[in-house]
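Here is a short report on a two-chain model. Read it with the structure open.

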Amino acid sequence: MIERVHEHIIGELGTNTRTDTIFVLTAILLNLITLGINSGIASSNNNGTQTIVMFTFVVLIIVVNLVAEIGLIRGRQMRKKLLDGLLKMYRDQGVEGYYDPTLLSDYTTRYNLFMLAVLVTGLIAIVIPFIIR
Amino acid sequence: MIFQHVNGYYPFRMRKGSKYLWFLLVVIAFMVLVPSGQVTAQEDRFELVLRVLPGYYYREITAGEESTLYLAISNIGNQAVKDIRLISDHPRGWHVDLRPDSIDYLGAGSSQTIDVSVTAPSGTERGEYTLTIVAEASQTRTATSTVVRVESAFSLWLWIGVGLAILVIAIFVMVYLRLGRER
């Protein structure tokens, strides 16, 4: 039974990694695409419709980045829970010496850096078109 | 020697040859004289050229501040042009001052520089604007255009962008602090 639980935890960790990767890539890609679109709008002739379109994309950036941030925070927490369970299992089996608990803090740092990358590209996508305009 | 006669008569061959010679001389004289006659009969040509001096095209100016552009007016005709008036066609509310705004006499082949002081009103939106300068005299007329790029001294859009960025950072920090706690 313990092996099944172990497989389940490993499977969950894999799913968690994929989900987090999708969050990060989607957010960064969308930020860059929106940066291009809004820069194009900002450098063309200014009118009311274009301003509305620009602000709509800004709202989209904010929402997507917020979703990505919440997703990454939840992903980090989920990963920690799964790894805590895994570590406890190893401890019960007397093989905890093969797993370094400091890996948990490394994951935290990595998630924070992912969030920072998403935030910075989001900020650039928001600010640059307004500078051009 | 050619026209020398033998016993008071021109030999037949010589007389025929001299006719051809005269004809040739007439043709040559015609060819020489006709072009010079054309020069003397050339029409009076009044032609002005107005151009923006290099480096002053697509000039960036700041709204509310005076900037100067330089143009050159040249008379490329063969006659002097008198009483040239210089007029500017500019966006509404702009102040464009031409110095000089009229030229009494511009000789053939001569040029003159014109200073154009441009002031866009303070509230002018950032963008590209066309400025046209027209030079007209009673005999001829010419015009040139230049693009002026206006940069606002105070950009409202920039501050909106900065404000949004601060808002996004605040939301991120708030969400991070609320949800980011390890549970």
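## Fold of chain B

Along its sequence, chain B follows the pattern α-β-β-β-β-β-β-β-β-β-α. That makes two helices and nine strands. The model is predicted.

Burial is limited: 13% of the 183 residues of chain B count as buried. Residues 24 or more positions apart account for 68% of them.

## Fold of chain A

Chain A has three helices and zero strands. From the N terminus on, its elements run α-α-α. Of its 133 residues, 26% count as buried. Among contacts in chain A between residues at least 6 apart in sequence, 81% join residues at least 24 apart.

Confidence can be read by chain and by element. The mean pLDDT of chain A is 89, and 98% of its residues reach 70 or more. Within chain A, α1(A) has the highest confidence, at 91. The lowest is in α3(A), at a mean of 88.

## Helix α1 of chain A

α1(A) has 42 residues. Its first and last C-alpha atoms are 61 Å apart, close to the 62 Å expected at 1.5 Å a residue.

Which residues of α1(A) are buried? They are D20(A), F23(A), V24(A), A27(A), L30(A), N31(A), T34(A), L35(A), N38(A) and A42(A). These buried residues pack against α2 and α3 of chain A.

## Helix α3 of chain A

The 30 residues of α3(A) should span 44 Å at 1.5 Å a residue. The end C-alpha atoms of α3(A) are 44 Å apart, so the span agrees with that expectation.

The buried residues of α3(A) are Y111(A), F114(A), M115(A), V118(A), L119(A), T121(A), G122(A), L123(A), A125(A), I126(A), P129(A) and F130(A). What covers them includes α1 and α2 of chain A, together with α2 of chain B.

## T56 in helix α2 of chain A

T56(A) lies in helix α2 of chain A. Is T56(A) buried or exposed? T56(A) counts as exposed because it has 11 C-beta neighbours inside 10 Å, and the cut-off for exposed is 12 or fewer.

N38(A) is 18 residues from T56(A) in sequence. In space, the two are 9.9 Å apart, C-alpha to C-alpha. N38(A) is one of the buried residues of α1(A).

## Nonpolar cores

The largest nonpolar core has 23 residues. Those with the most contacts inside it are A27(A), A68(A) and V118(A). The largest share, eight residues, comes from α3(A).

What does A68(A) touch, not counting residues up to four places away in sequence? It touches F23(A), V24(A), A27(A) and V118(A).

## Where the chains meet

The contact between the chains involves 17 residues of chain B and 17 residues of chain A. The side of chain B that touches chain A has 12 nonpolar, two polar and three charged residues.

## Backbone exceptions in chain B

Most residues other than glycine have a negative phi, and most peptide bonds are trans. A cis peptide bond joins R99(B) and P100(B), with omega about -5°. P100(B) lies in the loop between β5 (95-99) and β6 (102-106) of chain B.

Y58(B) has a positive phi, near 55°, and is not a glycine. Its place is in the loop between β1 (48-52) and β2 (59-62) of chain B. Y58(B) is exposed because 11 other C-beta atoms lie within 10 Å. D83(B) also is not a glycine, yet its phi is positive, about 50°. D83(B) is found in strand β4 (residues 81-89) of chain B. With 13 C-beta neighbours inside 10 Å, D83(B) counts as partly exposed.

Note on methods: Residues are numbered from 1 along each chain as its sequence is written. Chains are lettered from A and ligands numbered from 1 in the order in which they are written. This is a predicted model: local features need pLDDT of at least 70, side-chain atom pairs count only at pLDDT 80 or more; totals for chains, interfaces and linings use all residues. A nonpolar core is a set of buried Ala, Val, Leu, Ile, Met, Phe, Trp, Tyr and Cys residues joined through C-beta atoms within 7 Å. A residue is buried if 20 or more other C-beta atoms lie within 10 Å of its own, exposed if 12 or fewer, and partly exposed in between; C-beta atoms are placed from the backbone. Helices (H or I, at least four residues) and strands (E, at least two) are DSSP runs, numbered from the N terminus. Two residues are in contact if their C-beta atoms, placed from the backbone, lie within 7 Å. Ala, Val, Leu, Ile, Met, Phe, Trp, Tyr, Cys and Pro count as nonpolar, Asp, Glu, Lys and Arg as charged, and the others, Gly among them, as polar. pLDDT is the predictor's confidence in each residue, from 0 to 100. The expected span of a helix is 1.5 Å times one less than its number of residues.
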